[in-house]
Amino acid sequence: MVFSLDSEGNIMYISPAIEGLSGFKAEEIAGTSCIQYVVPEDLPGLMGSMEKTVAGQVEPYEFRVRHKNGTLHHILTSSRPIHRDGNLVGLIGVMVDVTERRAAEEALRDSEANYRDLFEHA
């Protein structure tokens, strides 16, 4: 999904694909603050990542959002600052739903732990 935020973190544009991720239509969330969709525990890290992005340190960041139905989704995002006449006017970026990848990684870790336990106790 592609998105753009203004300098206050309000959603100026988001791809229609957001509906599958959040349960909200793009036009429902346009103009709202992006932070209201982020799991509260992930906000400090996301805000820190946004500060780094504004400072020119572009790096992907993963956080969670809660779907309208209550399910959690893991999001990987990367963004860049938008400047006009030398002033920050917002951010533009992309988001990818990595929920399935995270579930597969956790299943693999659990499987490896069970495998180790099996041989340690044999």
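The largest nonpolar core here has 20 residues. A nonpolar core means a set of buried Ala, Val, Leu, Ile, Met, Phe, Trp, Tyr and Cys residues joined through side-chain atoms within 4.5 Å, and buried means under 20% relative accessible area, with exposed over 50% and partly exposed in between (1.4 Å probe, protein chains only). The residues with the most contacts inside this core are L5, I11, I14, I18, I29, F63 and M95. Two or more core residues come from each of β1 (2–6), β2, α1 (18–22), α2 (26–29), α3 (43–54), β3 and β5. Those labels are DSSP runs numbered from the N terminus: helices are H or I with at least four residues, strands are E with at least two.

A word on what you're looking at: this is a predicted model, where local features need pLDDT of at least 70, side-chain atom pairs count only at pLDDT 80 or more, and totals for chains, interfaces and linings use all residues. Residues are numbered from 1 along each chain as its sequence is written, and side-chain values use heavy atoms, with hydrogens and water left out.

Leaving aside neighbours within four places in sequence, I29 is in contact (heavy atoms within 4.5 Å) with I11, I14, I18, F24 and Y37. Two of those, F24 and Y37, also have their ring centres 5.6 Å apart and their planes at 70°, so the pair is edge-to-face. The rule is that rings of Phe, Tyr and Trp (its six-membered ring) pair if their centres lie within 6.5 Å; planes under 30 degrees apart count as stacked, over 60 as edge-to-face and the rest as tilted. By that rule, the count is one aromatic pair. F24 sits in the loop between α1 and α2, and Y37 in the loop between α2 and α3, 13 residues apart. Y37 is buried, at 15% relative accessible area.

On to the sheet. Five strands form an open, antiparallel sheet in the order β2-β1-β5-β4-β3, where strands pair if DSSP finds at least two bridges between them. β2 (11–14) and β3 (61–66) are the edge strands, each pairing on one side only. β1 and β5 pair antiparallel over five bridges, and L5, listed above among the core residues, stands opposite L91 in β5.

R84 has N87 in β5 as its bridge partner.

Two β4 residues are worth a look. S79 lies in this strand opposite G93 in β5, and S79 counts as buried because its relative accessibility is 10%. Beyond its sequence neighbours within four places, S79 is in contact with F3, T53, V58, L91, I92 and G93. T77, also in β4, is buried too, at 9% relative accessibility. A polar atom of the T77 side chain lies 2.9 Å from the backbone oxygen of V94. Not counting residues up to four places away in sequence, T77 touches F3, E59, P60, Y61, F63, V94 and M95. Of these, F63 and M95 bring us back to the core.

Notes. A polar contact is a pair of N or O atoms within 3.5 Å; within protein, one must be able to donate a hydrogen and the other to accept it, and residues adjacent in sequence count only if both atoms are side-chain atoms.
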